[in-house]
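Hi,

Here is the structure I promised to pass on. Have it open while you read, and I'll walk you through what turned up.

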Amino acid sequence: MKAELVFKYFTTLNNEQQEQFAKLEALYKDWNQKINVVSRKDIDELYLRHVLHSLGIAQIQTFNEGSQILDVGTGGGFPGIPLAILFPNVKFTLVDAIGKKIKVVDEVVEGLGLQNVKTYHSRVEEIPGQFDFIVSRAVAAMPTFVHWTKGKIKKESSHQRKNGILYLKGGDLTEELKGYETVQVFDLNEYFEEEFFETKKVVYLPQKYKG
């Protein structure tokens, strides 16, 4: 399952974007042999389990030109790198506390020639600045994640949807999201037909302000 899987759903990509998506597999296979950031099983299904999954966020939210997105616990660069390819005029900051993962991210970013990605080997609490949206793939339960990212979201929204967290999660989230009255959950199987997305979701939590 190659980059065509992405092209099936994202039909307006220009040549450069198509080439960048097509390059991902070789770059990850090469780097994964040196530093294991993607499981052996997943590397064979990179476009399904990592790339298209990351782009599920784009099915829920389009990012405006010049907006700033923070990817927390990016691991091997997901969801940040696929989103950065899709939105070349948006600034992405990718953060992970594990140095070897950020090394792989840096190499992939360089290999793709991405100009809109900054990386930090750091905990999110130490990252400077504020962002329009924070994205992530299930690095912690929502209450923990909200605590980690406190104060990192800009108050002024430049999108129709209020600034907040866009979180890729799976399974039953009833207990975890209890108490978040404004949360919205989007089922990715409504956007992608592959069986992998049957239980996958994007959770949107708008930023709460005390005013």
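When I say two residues are in contact, I mean that they have heavy atoms within 4.5 Å. One thing to keep in mind: this is a predicted model.

Let's start with Gln20, which you'll find in helix α2 (residues 15-34). If you skip its neighbours within four places in sequence, Gln20 is in contact with Ile85, Leu112 and Leu114. With Leu112 there is also a polar side to the story: a polar atom of the Gln20 side chain lies 3.1 Å from the backbone oxygen of Leu112. Is Gln20 buried or exposed? Gln20 counts as buried because its relative accessibility is 7%, and buried means under 20%.

Now for the rings. How many aromatic pairs does the structure hold? The count is 9. One of them joins Phe196 and Phe197, with 5.1 Å centre to centre and 80° between the planes, so this pair is edge-to-face, as planes over 60 degrees apart are. Phe196 and Phe197 are both buried. They also belong to a cluster: ring pairs link them with Tyr9 and Phe192.

Finally, have a look at two spots where a charged residue meets a ring. Lys34 lies over the face of Trp31, at 4.1 Å from the ring centre. Over at Tyr204, the charged end of Arg161 sits over the ring, 5.1 Å from its centre.

Methods. Residues numbered from 1 in each chain as written. Predicted model: local features only at pLDDT ≥ 70, side-chain atom pairs only at ≥ 80, totals over all residues. Heavy atoms only, no water. Phe/Tyr/Trp six-rings, centres within 6.5 Å; stacked < 30°, edge-to-face > 60°. Buried < 20%, exposed > 50% of the residue type's maximum accessible area, 1.4 Å probe, protein only. Lys NZ or Arg CZ within 6 Å of the ring centre and 35° of its normal. Helix = DSSP H or I, 4+ residues; strand = E, 2+ residues; numbered from the N terminus. Polar contact = N/O pair within 3.5 Å; in protein donor to acceptor, adjacent residues only side chain to side chain.
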